[in-house]
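Welcome to this guided tour. Please have your viewer open, with selection tools at hand, and follow along stop by stop.

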Amino acid sequence: MKRLSFFLKLAVSGLLLFFLFDRIDLADVYTVYKQSNHMLLIGAFALVLLGESLCVVRLRVLLALRGALYSFKELFRIYFMGVSAGSFLPSSLGADVFKFFLLRKHGAGSKTDLASSLIADRIAGSLGLLLIVFGAALVSRAEVKELFSLVFGDGRGEQVSAVLLVAALVLFVLGYVFRAMVLRMREEAQRFLSRRRAIAKVMSLAVLYQLLLVGATFLIYQAISSAPTVSALSFLVFVPLINLVIALPISINGIGVREWLFVLLFSPLGAASSEMVAVSLMLLFFIILEGAIGGLFFSTYERFEVNRISPLV
């Protein structure tokens, strides 16, 4: 069954890329890269790395609440080794499974504690996505409605905005309930739920991470576009939605789905299809670079002891 699932995802990614590149000339994408601003691309990757470092801090807080205490350096190694392993696995959950294996191997915390922390970390990330979309829709309601009208057709912007707002609220509530169910697997989970300061810190880090990803994506667009026409607000609304969709287990690490979503959502706003494909592929290249960093840790891997440190929260 797992093998069938893998081949189905591979088929989805392959077919989507086939139809995409049948429509878009790869030579145009290469020209876009050739004319890009390399300094802005380096800045975008720096934002991505900063965001991943915040993810390490967020996971460290969650682990500390469960009594599993790691130094930042130790968890940084484990996190990027998980990212590297996840690059070769068909599902985005593969990285979490490998992190669990490494965390368990080094002996800090029970299986339930580690699994709960990783699940809570993933849920916090998803809630961070929804909070950004929901916040952008509330703060710039008129602009967002106009944005949806341009993308989905005249007269539909308000309906699409309403549907997304309701969906965000429903998913937010379900995410909170699901989180509570997971964290109540053991009695000490109540201690987590009562630590409002810790929850606020985790969610703040989740939102900041997503904002950094949006900023990095916008920088990539600015770097490769000869005449940028898409606003930062458009990226603030659509990039989190894209990240939410590609997290679904329907393709190999979002490949194919990501590229089509960038084209379908941003082309109506005046962006060239070749530029948006280039943006998407650059994000994929950044993921590969992150995997390479994890690969370096693998190459120098040796067993290390968990440092017992004071709780973070």
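What pattern does the chain follow, read along the sequence? The chain runs α-α-α-α-α-α-α-α-α-α-α-α-α, with 13 helices and zero strands. Helices (H or I, at least four residues) and strands (E, at least two) are DSSP runs, numbered from the N terminus.

Before you click on, two notes. This is a predicted model, where local features need pLDDT of at least 70, side-chain atom pairs count only at pLDDT 80 or more, and totals for chains, interfaces and linings use all residues. Residues are numbered from 1 along each chain as its sequence is written, and side-chain values use heavy atoms, leaving out hydrogens and water.

**Stop 1: the whole chain.** Color by accessibility: of the 313 residues, 47% count as buried. Buried means under 20% relative accessible area, exposed over 50%, and partly exposed in between (1.4 Å probe, protein chains only).

**Stop 2: α3 and α4.** Select residues 38–65 for helix α3 and 72–86 for helix α4; their axes come within 10 Å and cross at roughly 115°. That makes α3 roughly perpendicular to α4, a term that covers angles of 65 to 115 degrees. Axes here are lines fitted to C-alpha atoms, for helices over the stretch in contact, and angles run from 0 to 180 degrees between N-to-C directions. Now show side chains: among the residues that meet are Leu 49, Val 56 and Leu 63 in α3, and Phe 72, Phe 76 and Phe 80 in α4.

**Stop 3: Lys 99.** Move to helix α5 (residues 93–105), where you will find Lys 99. Is Lys 99 buried or exposed? At 6% relative accessibility, Lys 99 counts as buried. Leaving aside residues up to four places away in sequence, Lys 99 touches Ile 78, Tyr 79, Gly 82 and Leu 118, where contact means heavy atoms within 4.5 Å.

**Stop 4: the nonpolar core.** Select Leu 63, Leu 103, Ile 220, Ile 224, Phe 235, Phe 266 and Met 276, the residues with the most contacts inside the largest nonpolar core, which has 59 residues. Such a core is a set of buried Ala, Val, Leu, Ile, Met, Phe, Trp, Tyr and Cys residues joined through side-chain atoms within 4.5 Å. A second, separate core of eleven residues includes Val 61, Ile 199, Val 202 and Met 203.

**Stop 5: α12.** Finish with residues 257–266: nine of the ten residues of helix α12 are buried, so this helix is largely enclosed by the rest of the structure. Trp 260 and Phe 266 are among the buried ones.

How values were computed: Angles under 35 degrees count as roughly parallel, over 145 as roughly antiparallel, 65 to 115 as roughly perpendicular and the rest as oblique.
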